[in-house]
Amino acid sequence: IKAEFNVTLLPSGEVLNASLAKSSGNEPYDSAVERAIIKAQPLPLPPAEKKLFNRFRDLRLKFSPAESGQ
């Protein structure tokens, strides 16, 4: 199972937008990942250099559940 989300950040690290780019095929899992992204706000940002922020403003995040027992 792997879900991919496009995430756009504000300079404060808050999530402006989180949209499902590629479904895992498991709708409850996809919804849980989206809620987790929103709940994790503000996301950590690179050092305060504004020129670097543009590299981190739009992210493609990939999520897959960890295997239990490892």
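Predicted model: local features only at pLDDT ≥ 70, side-chain atom pairs only at ≥ 80, totals over all residues.
**View 1. β1 and β3 pair side by side in the antiparallel sense.** In general, the strands of a sheet pair through backbone hydrogen bonds, in either a parallel or an antiparallel manner.

**View 2. The open sheet is formed by 3 strands in the order β2-β1-β3.** The pairing in this sheet is antiparallel. Because β2 and β3 (58-63) each have a single partner strand, they stand at the edges, and one side of each is left without a neighbour in the sheet. On average, and with direction ignored, neighbouring strands are turned by 25 degrees against each other.

**View 3. The helix α1 packs on the sheet.** In this packing, α1 touches β1, β2 and β3, and the direction of α1 makes about 25 degrees with that of β1.

**View 4. The largest nonpolar core has 10 residues.** Among them are Ala3, Phe5, Val7, Val15, Tyr29 and Leu43. Two or more core residues come from each of β1 (3-9), β2 (15-22) and α1 (27-39), and β1 gives the most, with 4 residues. In soluble globular proteins, nonpolar side chains tend to be buried together.

View 5. Leaving aside neighbours within four places in sequence, Val15 is in contact with Val7, Thr8, Leu9, Ile37, Ile38, Gln41 and Leu43.

Definitions and conventions
Residues numbered from 1 in each chain as written. Heavy atoms only, no water. Core = buried A, V, L, I, M, F, W, Y, C linked by side-chain atoms within 4.5 Å. Buried < 20%, exposed > 50% of the residue type's maximum accessible area, 1.4 Å probe, protein only. Contact = heavy atoms within 4.5 Å. Pairing = 2+ DSSP bridges. Axes fitted to C-alpha atoms, helices over the stretch in contact; angles between N-to-C directions.
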